Every structure is written in C-alpha cells, then in structure tokens.
Amino acid sequence: MTRFAKFVGGFAVAVAMVTALPIIARADDKDVIDYREHIMKTLDAQTAAIGMIVSTQVGDDNLVAHAEAIAVTAKQALKSFEAKVPGGESKPEVWSNWPDFEKRMKDFVEKTDKLAASAKTGGVPVVMEQMVDALTCKGCHDVYRSKK
Ligand code: HEC
C-alpha cells in the first residue's frame with residue numbers, strides 16, 4: 001500500500017468514527033433505559049414466583065431465595081434510576097421529584113430486606129403477612145410510571 005492509500009484509508013476510518021459518535025450517544029440513553037427496565041422485569045418475575053408459592057401452586061423450597069432476589073434487585077433498581085435519563089415508561093417527575101422518588105426506593109429496599117429476613121425465620125405465613133406492605137410496586141407506579 002502506498003503512503004497515500006494508507007492516509008486515505010486512515011482518514012476514512014476516522015470519518016466513520018466521528019460520524020458514528022452521535023449514534024453511540026443516543027444508544028447510551030437507550031441503554032440506561034433498557035437497563036432499568038431489565039431490573040424492573042426481574043422484580044416482576046421474582047414477585048410472580050413468590051405469588052405462586054404463597055398460593056401453593058408450587059412448593060416453597062425457593063421462598064427465601066426469591067425474597068433475597070427481590071431485596072438485591074431493589075438495591076439495583078435504586079442505582080439504575082440515578083442517571084437522569086427521562087424516557088421509557090418513567091414520568092419526568094422521577095427526576096423533578098427526586099427526593100420523594102429516592103425515599104420511596106430506599107423504603108422499598110429496607111422493606112424487602114426485612115421481608116427476606118422474615119422469609120428465613122417465618123416462612124410462607126409471615127411472608128404472606130408482610131408482602132403487601134413490603135412490595136410497594138403499585139404505589140410507586142401510580143405516581144411515577146406511565147404504562148405504555
Ligand atoms: C420507587 C418506585 C418503584 C418501585 C418501588 C417499583 N417500581 Fe417498577 N417501575 C418504576 C418506574 C419509574 C418504571 C418505568 C421504568 C422505565 O421504563 O423507564 C417501572 C417499570 C416497571 C415495569 C415495566 C418494565 C418494562 O419492561 O418496561 C415492571 C414490570 C415493573 N416496574 C415491576 C415492578 C415490580 C413487580 C415492583 C415491586 C416488586 C416494582 N416494579 C417496584 C418504579 C418503581
């Protein structure tokens with residue numbers, strides 16, 4: 001390859017990279033939204049699994065593991081909203097009312113931690129008792145999520 005050909009080739013690569021940048025920047029925002037939605041879907045699946053256990057459709061062998069999974073995922077959820085990226089099903093109020101949203105997330109983390117501890121000591125009966133209070137999904141969605 002001549003030096004000129006190398007130069008033209010290198011230039012073409014540089015141009016391609018620069019023109020790709022705005023696309024990458026948009027993908028970043030989409031990634032942030034996808035990420036928090038994956039975490040929410042995990043909460044949904046783990047909650048559904050606990051629902052099947054307490055309604056005796058399946059055995060309770062995994063009760064503690066599911067409750068712990070929800071507690072861990074609640075912590076991930078709090079983190080996943082820290083980046084201020086409106087969109088998805090999030091209402092803009094998530095960030096304009098951040099202190100309230102953050103407080104709700106932290107309460108959710110605390111209560112699901114307690115639920116996991118209760119699952120260990122008290123099993124299905126205690127989880128049934130505390131579930132409605134700990135799983136504050138709907139309370140938050142009513143204010144901060146616009147279902148599409
Ligand atoms: C403190 C607020 C809050 C709590 C608590 C919360 N969520 Fe969410 N959830 C949101 C917000 C905000 C969205 C919208 C996310 C987005 O699309 O940007 C959402 C979205 C979702 C979605 C849709 C995800 C998708 O694919 O678009 C599901 C499913 C969901 N939540 C389930 C749950 C379940 C189940 C719980 C409880 C165990 C829960 N959430 C607790 C705020 C919350």
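Predicted model: local features only at pLDDT ≥ 70, side-chain atom pairs only at ≥ 80, totals over all residues.
Let's start with the iron. Which residues coordinate the iron atom of the ligand? Met-40 does it through SD and His-141 through NE2, at 2.1 to 2.3 Å. The iron atom has 6 donor atoms, and with angles of 86 to 179° among them, the site is octahedral. If you're new to this, ideal angles for six octahedral donors are 90 or 180 degrees.

Now find those two residues along the chain. Met-40 belongs to helix H1, residues 3-54, while His-141 belongs to helix H5, residues 137-144, so this pair ties together parts that are 101 residues apart in sequence.

You'll find it in the largest pocket. Helices H1, H4 (98-134) and H5 are the elements giving two or more residues to the shell around it, and H1 gives the most, with 7 residues. In total, 22 residues surround the ligand, and the closest are Glu-37, Met-40, Cys-137, Cys-140 and His-141.

In Glu-37, a side-chain N or O atom is 2.4 Å from an oxygen atom of the ligand. Arg-36 has a polar side-chain atom 2.7 Å from a ligand oxygen. And His-141 shows up again: one of its polar side-chain atoms lies 2.8 Å from a nitrogen atom of the ligand.

That's my tour, thanks!

Note on methods:
Residues numbered from 1 in each chain as written. Heavy atoms only, no water. Donors = N, O, S within 2.8 Å, 3.2 Å for Na, K, Ca; no water. Tetrahedral: all angles 85-135°; square planar, octahedral: opposite > 155°, others 65-115°. Helix = DSSP H or I, 4+ residues; strand = E, 2+ residues; numbered from the N terminus. Near = heavy atom within 4 Å. Polar contact = N/O pair within 3.5 Å; in protein donor to acceptor, adjacent residues only side chain to side chain. 1 Å grid on protein atoms, 1.4 Å probe; cavity = no way out; pocket = protein on both sides within 12 Å on 5 of 7 lines; lining within 4 Å. Sits in = over half its atoms within 2 Å of the grid points.
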